[in-house]
Amino acid sequence: MRLIIRTDGASRGNPGPASCGAVLIDASRPDALEPDAEPLAIVARALGIRTNNVAEYAGLVLALREARRLRAEEVDLRLDSKLIVEQLSGRWRVKDAKLRGLHDEARRHLATFGRWTATHEPRARNHAADALANLVLDDPDSAARVVAEVARRNGRPPAGEAEAGETEAPVPGA
């Protein structure tokens, strides 16, 4: 399975209360590249006090964990964070010590896929992930209901929920 992944991070204050959101879309859908394509799974998590860049990376890492849980073979990242796209490609160095561990974890996850790409897209095309990140900050209970509803609709456990016999990894950047 190939997934289109859109992620976003939010921080009110930078650093400030932070969260992240992600949508994972089955790439075989005819509308998979559309910003409003129906997701197979979503991520929406509060992160505590973080910078925006940490929140952006946390969203990516959580989405990649979910992609692995879904047994994706390929991922196509569509991100509005040029920083992450350039750092993942190796064109820009990771200078911020707070981002190194997150970058390294993202690269470790990416290495498990048969193929991956990372493309920078305008913010306007990333509104679903952005809306999830903001919903977590504004109304965490509603965000949890949305995550559970998408999972239920697709016959899967909610993103980030440990399956039988597994333990959930801590939120990245914690």
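A residue counts as buried under 20% relative accessible area, as exposed over 50%, and as partly exposed in between. Keep that scale in mind for Asn14, which at 46% relative accessibility counts as partly exposed. One more thing before we start walking: this is a predicted model.

Let's begin with the sheet. Five strands make up an open sheet in the order β3-β2-β1-β4-β5, and the pairing is mixed. The edges belong to β3 and β5 (115-120); each has a single partner strand, so one side of each is left without a neighbour in the sheet. On average, neighbouring strands here are turned by 20 degrees against each other, ignoring direction. As a reminder, strands of a sheet pair through backbone hydrogen bonds, either parallel or antiparallel. For β2 and β3 the arrangement is antiparallel, with nine bridges joining the two. If you want a spot to look at, find Gly16, which stands opposite Arg50 in β3.

Helix α4, for its part, lies across β1, β2 and β3 and runs at about 140 degrees to β2.

Helix α4 (residues 127-138) also has a helix to pack against: its axis and that of α5 are 5 Å apart, at an angle of about 135 degrees. That angle makes α4 oblique to α5. On the α4 side the contact involves Leu132, Leu135, Val136 and Asp138, which meet Pro140, Ser142, Ala143 and Val146 in α5.

Most residues other than glycine have a negative phi, and most peptide bonds are trans. The loop between β1 and β2 holds Asn14, and this residue has a positive phi of about 50 degrees although it is not a glycine. Pro15 has its place in the loop between β1 and β2.

What does Thr51 touch, leaving aside residues up to four places away in sequence? The list is Ser11, Asn14, Pro15 and Lys98. Thr51 itself lies in the loop between β3 and α1, and with a relative accessible area of 18% it is buried, because the cut-off is under 20%. The C-alpha atoms of Thr51 and Asn14 are separated by 4.6 Å, though the two residues are 37 apart along the chain.

Arg71 is another non-glycine residue with a positive phi, in this case near 65 degrees. You'll find Arg71 in the loop between α1 and β4, where it is exposed, with a relative accessible area of 66%.

Finally, the charges. Side chains of opposite charge can pair when their charged atoms come close. How many salt bridges does the structure hold? There are 16. One of them joins the side chains of Arg153 and Glu38, at 2.8 Å from N to O. Arg153 lies in helix α5 (residues 140-153) and Glu38 in the loop between β2 (16-26) and β3 (41-50), so this pair ties together parts that are 115 residues apart in sequence. Both ends are partly exposed: Arg153 has a relative accessible area of 44%, and Glu38 comes in at 34%.

Glu149 is partly exposed at 31% relative accessibility, whereas Arg152 is exposed, with a relative accessible area of 57%.

Elsewhere, salt bridges that share partners join Arg2, Arg6, Asp76, Arg78, Glu121 and Arg125 into one network. Within this group, Glu121 forms a salt bridge with Arg125, and the closest N and O atoms are 3.5 Å apart. Buried or partly exposed: where do Glu121 and Arg125 fall? Glu121 is buried, with a relative accessible area of 8%, while Arg125 is partly exposed, with 28%.

Methods:
Residues are numbered from 1 along each chain as its sequence is written. This is a predicted model: local features need pLDDT of at least 70, side-chain atom pairs count only at pLDDT 80 or more; totals for chains, interfaces and linings use all residues. Side-chain values use heavy atoms; hydrogens and water are left out. A salt bridge is a side-chain nitrogen of Lys or Arg within 4 Å of a carboxyl oxygen of Asp or Glu. Helices (H or I, at least four residues) and strands (E, at least two) are DSSP runs, numbered from the N terminus. Buried means under 20% relative accessible area, exposed over 50%, partly exposed in between (1.4 Å probe, protein chains only). Axes are lines fitted to C-alpha atoms, for helices over the stretch in contact, and angles run from 0 to 180 degrees between N-to-C directions. Angles under 35 degrees count as roughly parallel, over 145 as roughly antiparallel, 65 to 115 as roughly perpendicular and the rest as oblique. Contact means heavy atoms within 4.5 Å. Two strands pair if DSSP finds at least two bridges between them.
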